[in-house]
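Here is my note on this model, point by point. Please keep the structure open as you read.

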Amino acid sequence: MKTIIPLTRKDLMRETNCPHYTISYLTLTQRLPIIHKADGKGDVNLYHPDAVDIIKHYLSRIMGLTDEN
């Protein structure tokens with residue numbers, strides 16, 4: 001079985017080169033897969049690694065900001 005390494009919002013920002021508010025928007029509209037939802041202050045959302053591809057697709061389709069490799 002393959003181990004999934006969860007990502008934080010900071011990791012997603014680093015991987016996709018997008019602003020924090022884009023990740024917040026996609027989280028609030030339930031478009032990003034979340035492994036662990038934050039329970040309160042000081043806790044963080046942990047995202048599935050597939051969230052990187054979803055964000056890159058969103059940026060390329062909506063804003064045209066990503067460079068496709």
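1. Start with the fold elements. This predicted model has 3 helices and 2 strands. Read from the N terminus, the order is α-α-β-β-α. Trace that order along the chain before you go on.

2. Next, look at burial. The protein has 69 residues, and 22% of them count as buried. A residue is called buried when its relative accessible area is under 20%.

3. Then the contacts along the sequence. Take the contacts between residues at least 6 apart in sequence. Of these, 48% join residues at least 24 apart.

4. How many salt bridges does a search of the whole structure find? It finds 1. The partners are Arg14 and Asp11, and their closest N and O atoms are 3.5 Å apart. That distance meets the cut-off, because a salt bridge needs the nitrogen within 4 Å of the carboxyl oxygen. In general, side chains of opposite charge can pair when their charged atoms come close.

5. Where do the two partners sit? Both Arg14 and Asp11 belong to helix H1, which covers residues 9–16. They are 3 residues apart, or about one turn of the helix.

6. Asp11 is partly exposed, at 24%.

Technical notes. Residues are numbered from 1 along each chain as its sequence is written. This is a predicted model: local features need pLDDT of at least 70, side-chain atom pairs count only at pLDDT 80 or more; totals for chains, interfaces and linings use all residues. Side-chain values use heavy atoms; hydrogens and water are left out. Helices (H or I, at least four residues) and strands (E, at least two) are DSSP runs, numbered from the N terminus. Buried means under 20% relative accessible area, exposed over 50%, partly exposed in between (1.4 Å probe, protein chains only). Contact means heavy atoms within 4.5 Å. A salt bridge is a side-chain nitrogen of Lys or Arg within 4 Å of a carboxyl oxygen of Asp or Glu.
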